[in-house]
Amino acid sequence: MKIKDRWIESAIQAITLTRIADEKGIHASEYKGYISAFGASVIQSGLLPAVIFYENSEGNQDKGLLIKAIVVVLNEVGEYKIDAQQNFSQFVRVFHNEEKLLKDVSHAAMALKLALMTFKSEDND
């Protein structure tokens, strides 16, 4: 899958806006795994179940930030109008073109994975 530069640029901004990376440009190393596992979850169980799982996960490093970053990218580059106050899972449930949304979420996730490489990881200080 070829990702255009505008997706990656938007993903870099999303990582900063959602505070996946802090003001020093450092992110928790777990986010690399979260992004990879999200893609596998979408393939195995589908978009809606994967989004619900990530949106509602809790812990030291909130997996929900990944979903928020995807929403930021989709709103900017994917030209969606997803309400930031609404759960993304609710949007997925009512969106009528599942194939387009799945493709765009995949692009956003891949862009986030690439964009994360431009930041430093906690364990690589």
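Tutor: By class, the lining of the second largest pocket consists of 9 nonpolar, 3 polar and 1 charged residues, where Ala, Val, Leu, Ile, Met, Phe, Trp, Tyr, Cys and Pro count as nonpolar, Asp, Glu, Lys and Arg as charged, and the others, Gly among them, as polar. The model is predicted, so local features need pLDDT of at least 70 and side-chain atom pairs count only at pLDDT 80 or more, whereas totals for chains, interfaces and linings use all residues. Residues are numbered from 1 along each chain as its sequence is written, and side-chain values use heavy atoms, with hydrogens and water left out.

The second largest pocket holds about 200 Å³ of space, a volume being the space filled by probe spheres set on grid points that are joined across faces, edges and corners. Its 13 lining residues include Ile35, Gly39, Ser106, Ala109 and Met110 as the closest to its centre. A pocket here is an open set of points, on a 1 Å grid over the protein atoms alone with a 1.4 Å probe, that has protein on both sides within 12 Å along at least five of seven lines, and lining residues have an atom within 4 Å of a point. Two or more residues of this lining come from each of α2 (30-45) and α6 (98-116), helices being DSSP runs of H or I with at least four residues and strands runs of E with at least two, numbered from the N terminus.

Turning to α2, its 16 residues should span 22 Å at 1.5 Å a residue, and its end C-alpha atoms lie 21 Å apart, which agrees; the expected span is 1.5 Å times one less than the number of residues. The buried residues of α2 are Tyr31, Tyr34, Ile35, Phe38, Ser41 and Val42, with buried meaning under 20% relative accessible area, exposed over 50% and partly exposed in between, for a 1.4 Å probe and protein chains only. Seen down the axis of α2, these buried residues fall within an arc of 120°, so they line one face of the helix, the arc being that of the directions from the helix axis to the C-beta atoms. The face of α2 turned away from its buried side carries Ile43 and Gln44, which are exposed. On the buried side, α2 packs against β1 (26-27), α3 (47-55), α4 and α6, contact meaning heavy atoms within 4.5 Å. After α2 comes Gly46, whose phi is positive, near 105°.

In α3, one of the elements packed against α2, Leu47, Ala50, Val51, Tyr54 and Glu55 are buried. Viewed down the axis of α3, its buried residues fall within an arc of 125°, so they too line one face of their helix. What covers them includes α2, α4, α5 and α6.

In α6, the other helix named for the pocket lining, Asp104 has its place. Asp104 counts as buried at 8% relative accessibility, and, leaving aside residues up to four places away in sequence, touches Trp7, Leu74, Gly78 and Tyr80. Tyr80 sits in the loop between α4 and α5 (88-94) and counts as buried at 7% relative accessibility. Leaving aside residues up to four places away in sequence, Tyr80 touches Leu74, Asn75, Phe91, Phe95, Lys100, Leu101 and Asp104.
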